[in-house]
Amino acid sequence: MRVGGRGQAGRVAPETITIAQARRTALAAQGLARRRADRPGARVTMAGVQRVVDRLQVLQIDSVNVLARAHLVPLYARLGPYDVGLLDRASGRAPRRVVEAWAHEASYVPVELFPALGFRRASFEKEAWGNVRSVVHQHPDVVARVREVVADAGPVTASQVQELFEHEHPRTRDAWGWNWTVAKRALELLFFTGEVLPARRNAAFERCYDLAERVLPSAVLAAPTPSPEDQVRTLVEIAARAHGVGTRRDLADYYRVRGPLVDRAIADLVEEGVLRPVVVRGWDAQVWAHRDATFPRVADARTLLSPFDPLVFERSRLEELFGTRYRIEIYVPAAKRVHGYYVLPFLQGDAITARVDLKADRAAGVLRVLSAHDEPATRPDTAVELAEELGVLAGWLGLDDVVVEPAGALAPALAGVRSAR
């Protein structure tokens, strides 16, 4: 997998572009400018998964499974129905193609990118969550012993490790939220610092931890460690290529990098011709275009986007480019939610034309549309196009039907389309 890129002839950014051009450029960079084929009987191969991973360079992980795991949906959005076992194989079987790391939150990244995240692992005292970084000071003996357990018995889950420490550090259930055991905190610290890595996930989606040298390919282990400056430069360049065009906020947020090294990286990339400043009319910020960016005249997408898709996970960018204000409402009390619990934007052409709150009701075998909302960019054919996309999604999830609940302004039209089929 490449983590850098050379420009191609004919891809020089114009000096001034419109928001619409910037939006289509962003879609092209993300592999979302063209409609999926979704041919009956077509089979997505590992090569197809590889192409998406090469393009995005990050798949954010989230444990919520009301529809499908967060890291699975961006691949569906670009490939259509595919065997999720391909990603399991890429991440859980040697030689691994992707590995879990702290990138844009916990994510799958190409194994070759692992060295470029070394600055974060080395800065765990500033970068890691408080209950994770504090365990090394509060329980250094446990951290050392957990390291030994992984070395002797890995791959192991946090539950298996906790069994060995339950007598001296019993599990408690009197705290709200991430009520992690001491053993789990020690494992997460060792994961954050890169000493141990998930070798795979089990059927319950638990990490199975092992020593990094038993997870990473030998070529990655033997690679020299880049300087922090070079690491950040690599991450900023990848972010720029994945975005096509973007602001400083966009380029920094892709891998959640901060500080003056971001500005130095941008300056170096401009000097080298990798980035070029452009003016985007209607976007009140300095914007850069990557030299690999394309500027298509049209975009013809039709897909649903996970709340954690790289196209939308920087919410201010989404609003600037698409005019869509999005907030994930998982942690909002049900009575105060505006759009729903797990809401996916619907990308149609080069616009967000709807959003739907979806639930895979696996017991009933149906995909439930708990609400369907229109957007300022909703088109006359949005309900028809969305209904077709929901049918494809349901099939990928192994569900037999789509049921539309009567909530949201778009729900009646969507239900009408579904009932007419």
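Predicted model: local features only at pLDDT ≥ 70, side-chain atom pairs only at ≥ 80, totals over all residues.

User: How many cavities of 30 Å³ or more does the structure hold?

Analyst: There are 2 of them.

User: Which residues line the largest cavity?

Analyst: The lining consists of E100, A101, W102, F114, L117, R120, R121, F191, F192 and L197. By class, 7 are nonpolar, none is polar and 3 are charged.

User: Which element gives the most to that lining of the largest cavity?

Analyst: That is β3, with 3 residues. At least two residues each come from β3 (98-103), α5 (118-122) and α11 (182-192).

User: What lines the second largest cavity?

Analyst: Its lining residues are S91, E100, Y108, P198, A199, R200 and R201. Strand β5 (residues 196-201) contributes the most, with 4 residues. The classes here are 3 nonpolar, 1 polar and 3 charged.

User: Why does the second largest cavity lie between domain 1 and domain 2?

Analyst: Because domain 1 (16-114 + 225-290) and domain 2 (128-216) both give residues to its lining.

User: Where does the domain assignment put domain 3?

Analyst: Domain 3 covers 323-420 in that assignment. Taken over C-alpha atoms, the centres of domain 2 and domain 3 are 38 Å apart.

Methods: Residues numbered from 1 in each chain as written. Heavy atoms only, no water. Domains from an automatic or database assignment. 1 Å grid on protein atoms, 1.4 Å probe; cavity = no way out; pocket = protein on both sides within 12 Å on 5 of 7 lines; lining within 4 Å. Points joined across faces, edges and corners; volume = space filled by probe spheres on them. Nonpolar A, V, L, I, M, F, W, Y, C, P; charged D, E, K, R; others polar.
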